[in-house]
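Please have the viewer open as you read.

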Amino acid sequence: MTTLVARNIRKSYGRVRALNGVSFETEKGEMFGIIGPDGAGKTTLFRILTSLMLPDEGDVKVGGFDTAGQYQQVRNLIGYMPGRFSLYQDLSVEENLAFFATVYNTTIEENYHLIEDIYRQIEPFKDRRAGKLSGGMKQKLALCCSLIHKPEVLFLDEPTTGIDPVSRRELWEMLRKLKAQGITIIVSTPYMDEAVICDRIALIKNGEFLTVDSPANITKAFPDKLWSVQTDHRHRLMHDLHNCSFVRSSFLFGDSFHVSFTPDGSPERLENYLHVSGHTQIGIDCIEPGVEDCFLAMLKDNDQAELMQTIEG
Ligand SMILES: Nc1ncnc2c1ncn2[C@@H]1O[C@H](COP(=O)(O)OP(=O)(O)OP(=O)(O)O)[C@@H](O)[C@H]1O
């Protein structure tokens with residue numbers, strides 16, 4: 001069953017074109033990831049999908065209701081966790097939750113089962129002001145508040161930005177459980193490693209979706225063989241790979257470079273080239289491409305540098 005249909009969404013702020021014809025659909029219980037660097041248009045898209053902003057062109061239907069003409073019905077169906085902390089800093093944990101429940105004409109008790117797993121972790125701090133919580137706990141509370149009215153479609157704009165790795169993992173685990181209950185989840189993130197958890201992902205760049213597919217299909221479509229290359233001189237290696245005539249692309253991932261060759265390149269040829277250039281402890285291993293490798297291959301040179309910064313940041 002289709003839960004959301006977005007068609008040809010366009011939006012500009014004056015001369016800045018934030019969205020340039022975005023279309024996609026989601027199925028009930030699907031986890032749909034929107035991945036892209038800062039400024040790509042994610043927040044604008046979320047505001048439009050959640051009926052908080054009207055597009056210049058195009059339309060969105062959630063649960064069959066139009067976000068322009070039937071926004072009240074849409075808002076009853078959805079939960080939205082915006083990127084920046086959206087809770088009342090001066091209210092306690094419990095007061096925030098009670099407030100959101102009241103706004104939606106429900107009570108904490110009525111839908112407690114839906115938030116129980118998450119809320120139990122912050123319940124010991126229920127009297128603490130939201131402004132005094134850690135980043136991870138704030139996100140858990142914000143997630144509880146966006147779930148308290150039992151939404152069918154949950155929108156999360158960069159829920160894991162700025163929180164520690166353990167809380168990030170916990171948050172994704174919670175999303176997995178919510179998905180198992182049939183909730184459709186539309187989530188944005190700048191972190192590629194999180195993309196693989198989604199059923200389908202869209203890479204957004206300059207207000208356009210470059211691709212929409214499952215992580216497995218995206219990695220299957222990688223056009224070349226990929227090699228992980230390491231030597232004892234990482235900085236010189238970057239320079240030497242860049243100047244190598246038969247290296248098509250090279251990107252730094254942790255301690256090694258991911259390298260693909262032009263048709264006349266080979267690992268043997270690269271080993272020889274690096275050896276002659278003075279490198280020692282040369283390691284060249286064939287690897288499976290990840291989502292990041294695929295997205296980088298789709299982007300133009302300038303965009304690749306920008307995306308790598310986002311990934312590393
Ligand atoms: N109110 C506004 N006025 C003018 N330009 C805006 C406004 N809001 C966003 N933009 C611009 O529109 C583009 C898309 O911004 P948007 O916030 O949707 O992207 P994003 O992917 O969510 O990035 P970020 O994570 O940095 O917020 C950017 O170029 C941004 O500078």
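Buried residues account for 38% of the 313 residues in the chain. Keep in mind as you look around that this is a predicted model. Along the principal axes, the C-alpha atoms fill a box of roughly 70 × 45 × 35 Å. Within the chain you can trace twelve helices and 14 strands. Of the contacts with a separation of 6 or more, 70% join residues 24 or more positions apart.

Now turn to the interior. In soluble globular proteins, nonpolar side chains tend to be buried together. Here the largest nonpolar core has 75 residues, and the members that touch the most others are Leu49, Leu141, Cys144, Phe155 and Ile185. Helix H5 (residues 135-147) gives this core its largest share, six residues.

Next, come back to H5 and look at its partner. Helix H4 (residues 112-122) packs against H5 at an angle of about 150°, and the two axes are 9 Å apart. An angle over 145 degrees counts as roughly antiparallel, so that is how H4 and H5 lie to each other. Their crossing is left-handed.

Which residues in H4 and H5 meet? From H4 come Leu114, Ile115, Ile118, Tyr119, Gln121 and Ile122, while H5 brings Met137, Lys140, Leu141, Leu143, Cys144 and Leu147. Sorted by class, this contact has ten nonpolar residues, one polar and one charged.

Terms used:
Residues numbered from 1 in each chain as written. Predicted model: local features only at pLDDT ≥ 70, side-chain atom pairs only at ≥ 80, totals over all residues. Core = buried A, V, L, I, M, F, W, Y, C linked by C-beta atoms within 7 Å. Buried ≥ 20, exposed ≤ 12 C-beta atoms within 10 Å, placed from the backbone. Helix = DSSP H or I, 4+ residues; strand = E, 2+ residues; numbered from the N terminus. Contact = placed C-beta atoms within 7 Å. Axes fitted to C-alpha atoms, helices over the stretch in contact; angles between N-to-C directions. Parallel < 35°, antiparallel > 145°, perpendicular 65-115°, else oblique. Left-handed = near helix turned anticlockwise from the far one by under 90°. Nonpolar A, V, L, I, M, F, W, Y, C, P; charged D, E, K, R; others polar.
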